[in-house]
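Here are some exercises to work through with the model open on your screen. Try each task before you read its solution.

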Amino acid sequence: MLVYKSPWETESHTIFRDSVRKFIETEFVPHREHWIELKHMEPEYWQKAGEVGMLCPDIPEEYGGAGGDFGFDAITYEELQRACISSFGNGIQSIVAHYLLVYATEEQKLRWLPGMATGETISAIAMTEPGTGSDLQAVKTTAIRDGDEYVINGAKTFITNGYNANLICVVCKTDPTSRAKGISLVMIETQDLEGFSRNPPLSKIGMKGQDTCELFFDDCRVPVGNLIGTEEGKGFYQLMAQLPRERLIVGLGSVAIMEAALNLTIEYTKERRAFNKAIIEFQNTKFKLAEKLTETKVARVFVDHCIGKLIAGELDAETASMAKWWCSETQFDLVNDCLQL
């Protein structure tokens, strides 16, 4: 098995990784196929994950987190990908938590973050709309102020954690006449919220256990105090400023998948026989596996470099973009080549 100890990984990280790996193998893996059929994970498993510290491990202790660094968060993504668990959207939980940690008021942090760390609160971020994908400046969902409330109208689609979420960060226009400067982030608590509805999880090509949904807002009223921060029109900046972290999450997940796929393929080629010998004994197989091992090691070293930079507060958007693009593209090619073997 391919096992690398990353340069940023301390003894505490290693202990945490062992704990997370055992938890996933015991609590998640036996339900993997069930969740794929169901198209979502039951909410109680979020609370189980919270009990072992898998949620918000890099959020300060005063807000319910474990007070660690990004390395602890990275470990959860890696171990979930290695176990092929697509049903647990903790990456989104972490992204929303960091929007709150960086931009929310003290009252908002104390109100929402502790529940996110325990798993009692499951969050989503509602960006994508039926007619709006990457062009976030063109979102049509609105939050119009009416006294001490925002009235939210619009629709979102492909929203990760959409089925289970009871706290949703909605990307909306508080000024519909503007593009980027009109965008704000407004938190909505879904329980008993009039005008809010969602469809069952969507059927997808991949990540079939993930509860990706369509969300609908029809004159939903939420307090003005649910605006992240204290000033309207800051949402686009808030989204863009957190992109390095979010892009790195994609890149490190890709590396973990590459390592898992290569491990599975090596084991298979040792067992599968053709022409009276194991497939791994053929020269072409050795060449191909050596090539894939090289790509995986290069990806791991680059992502570890990025993780170290993020822990130090030095990761820039350009480098994070490189990690997301190159690792995900390489993952696609590697998994396809492994499939041929």
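**Exercise 1.** Which residues does aspartate 218 touch, not counting residues up to four places away in sequence?

*Solution.* Keep in mind that you're looking at a predicted model. Start by placing the residue: aspartate 218 sits in strand 7, residues 213-223. Next, list its contacts beyond four places in sequence, which are Ile152, Asn153 and Gly195. Now check accessibility: aspartate 218 comes out at 52%, and the cut-off for exposed is over 50%, so it counts as exposed. Finally, step along the chain to glutamine 238, 20 residues apart from aspartate 218, and you'll find 25 Å between the two C-alpha atoms.

**Exercise 2.** Check the span of helix 1 against what you'd expect, then work out which of its residues are buried.

*Solution.* Helix 1 covers residues 11-28, which is 18 residues. At 1.5 Å a residue it should span 26 Å, and its end C-alpha atoms are 25 Å apart, so the two agree. The buried residues of the helix are His13, Phe16, Arg17, Val20, Phe23, Ile24 and Phe28. They take up an arc of only 135 degrees around the axis, which puts them on the same side of helix 1. Turn to the other side and you'll see Glu11, Ile15, Lys22 and Thr26 exposed. What lies over the buried residues? The cover includes helix 2 (32-38), helix 3 (44-51) and helix 4 (70-82).

**Exercise 3.** Describe how helix 4 packs with helix 9.

*Solution.* Two packed helices are described by the angle between their axes and the distance between those axes. For helix 4 and helix 9 (residues 283-311), the angle is about 150 degrees and the axes are 9 Å apart. Helix 4 brings Phe70, Gly71, Ala74, Glu78 and Arg82 to the contact, while helix 9 brings Arg300, Ile307, Leu310 and Ile311. Sort the residues of this contact by type and you get 5 nonpolar, 1 polar and 3 charged.

**Exercise 4.** How many disulfides are there, and where do cysteine 84 and cysteine 338 stand?

*Solution.* A disulfide needs a pair of cysteine sulfur atoms within 2.5 Å. By that rule the count is 0. For cysteine 84, the nearest cysteine sulfur is that of cysteine 338, 12 Å away, and cysteine 84 is in no disulfide. Cysteine 338 is in no disulfide either, its nearest cysteine sulfur being that of cysteine 84.

**Exercise 5.** Is threonine 319 buried or exposed?

*Solution.* Locate threonine 319 in helix 10, residues 317-340. Its relative accessibility is 17%, and buried means under 20%, so threonine 319 counts as buried. Leaving out residues up to four places away in sequence, threonine 319 touches Phe302 and Cys306.

Note on methods
Residues are numbered from 1 along each chain as its sequence is written. This is a predicted model: local features need pLDDT of at least 70, side-chain atom pairs count only at pLDDT 80 or more; totals for chains, interfaces and linings use all residues. Side-chain values use heavy atoms; hydrogens and water are left out. Helices (H or I, at least four residues) and strands (E, at least two) are DSSP runs, numbered from the N terminus. Buried means under 20% relative accessible area, exposed over 50%, partly exposed in between (1.4 Å probe, protein chains only). Contact means heavy atoms within 4.5 Å. The expected span of a helix is 1.5 Å times one less than its number of residues. The arc is that of the directions from the helix axis to the C-beta atoms. Axes are lines fitted to C-alpha atoms, for helices over the stretch in contact, and angles run from 0 to 180 degrees between N-to-C directions. Ala, Val, Leu, Ile, Met, Phe, Trp, Tyr, Cys and Pro count as nonpolar, Asp, Glu, Lys and Arg as charged, and the others, Gly among them, as polar.
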